[in-house]
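Me: I have a model open and want to learn how to read it. Can you walk me through it, feature by feature?

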Protein chains: 2
Amino acid sequence: MPKVSQQYLDTRKQEILDGARRAFSRWGYEGATVARLEEEIGLSRGAIFSYFPSKWELFFALATADQQRVGELWLELGFEGVVRHFGEEDPDWIGAYLEVMRLLRTDPALRAQWQARNPELHQQIVAELDRQRADGPQRSDVPLESVGMSLGVVLDGLAVHRGAGVPIDVEGTLEFVRAALAPK
Amino acid sequence: MPKVSQQYLDTRKQEILDGARRAFSRWGYEGATVARLEEEIGLSRGAIFSYFPSKWELFFALATADQQRVGELWLELGFEGVVRHFGEEDPDWIGAYLEVMRLLRTDPALRAQWQARNPELHQQIVAELDRQRADGPQRSDVPLESVGMSLGVVLDGLAVHRGAGVPIDVEGTLEFVRAALAPK
């Protein structure tokens, strides 16, 4: 039997994640049946579940990867960069992200698993906010955690608009946020 | 045959909407099968569909009623009142609301139907923002439509947090928004 290369495995895994993202985004978690996953991914259930042990593991891997990507974008481009990215990005991952957020509500075990998924990223973002505050004229009378929470609320709100196909007013949103953070 | 009173009909209809909200919030639109709707509502499919011609009509009626309610709260309590309400409210309707937003993305016909559902409410909220601007010290160098959009983004972001069972920092959010709207 020929040995399968790591690159082959990685490519195949990425294909599965991309197809699964479309399926979860379109049908929701419960609505994305195994038959629909097979169709969107273009592989048999046997092949899919040899990479991810269950539908749930597949969904969780996808959600974690997408969330990680937004966090990395924030570190790389800053908050404004993420907002601009939201204005351009194909919103398939947004549908899947909103599915995660919905599922978290009714499943405390899942919520614990989700919250524990990447504590370093949260710390890195707070550190980035700290650098940003040191760099520019920005109000310093509110805790960084509170600023981070508010910016997260804005991003989630934009995700909802974008996910619903409502156009985003990128510049209007940035102006709003800049004013909120400006020194008093 | 005894005549059925209007009050009886209204009560029954409200029961159906309340049960359906729990079912859609928990299972998603596709996952809320007719059997699950029957179980949450406590009525047979025959009874349910004598009030609403289809699952889709039931979902749309629910989503419209919930959205209307948030709009009316905004008019009644102002934006800050809505944010406080988000901090207290049982978030069942939020799960259903996020389902609507997800469905809008993949269904252009639905999007048109949703956007046409209540043009007056949108106008009333813009008028309310106008009154608010006249009342208090507030920046006037950004269009009201843009302010309305940004406040809508914040509410949708709070809905996502609340829907995911993440506690909302009500006072932190209000402080952020007040700063964003303060005169320069």
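The dialogue below goes from the fold of one chain to the contacts between two.

Reply: Keep in mind that this model is predicted. Begin with the secondary structure.

Me: How many helices and strands does chain A have?

Reply: Count the elements, then read their order. Chain A has nine helices and zero strands. Along the sequence the pattern runs α-α-α-α-α-α-α-α-α.

Me: What does the C-alpha trace of chain A span along its principal axes?

Reply: About 65 × 35 × 30 Å.

Me: What share of the residues of chain A is buried?

Reply: Burial is judged by counting neighbours: 20 or more other C-beta atoms within 10 Å make a residue buried. In chain A, 34% of the 184 residues reach that mark.

Me: And how do I read the contacts within chain A?

Reply: Look at sequence separation. Take the contacts in chain A with a separation of 6 or more: 63% of them join residues 24 or more positions apart.

Me: How many residues of chain B are in contact with chain A?

Reply: The size of an interface is often given as the accessible area lost when the parts come together. 37 residues of chain B contact 37 residues of chain A. On the chain B side, H1 (6-31), H5 (92-106), H8 and H9 (170-181) each give two or more residues. H8(B) gives the most, with eleven. By class, that side has 16 nonpolar, twelve polar and nine charged residues.

Definitions and conventions: Residues are numbered from 1 along each chain as its sequence is written. Chains are lettered from A and ligands numbered from 1 in the order in which they are written. This is a predicted model: local features need pLDDT of at least 70, side-chain atom pairs count only at pLDDT 80 or more; totals for chains, interfaces and linings use all residues. Helices (H or I, at least four residues) and strands (E, at least two) are DSSP runs, numbered from the N terminus. A residue is buried if 20 or more other C-beta atoms lie within 10 Å of its own, exposed if 12 or fewer, and partly exposed in between; C-beta atoms are placed from the backbone. Two residues are in contact if their C-beta atoms, placed from the backbone, lie within 7 Å. Ala, Val, Leu, Ile, Met, Phe, Trp, Tyr, Cys and Pro count as nonpolar, Asp, Glu, Lys and Arg as charged, and the others, Gly among them, as polar.
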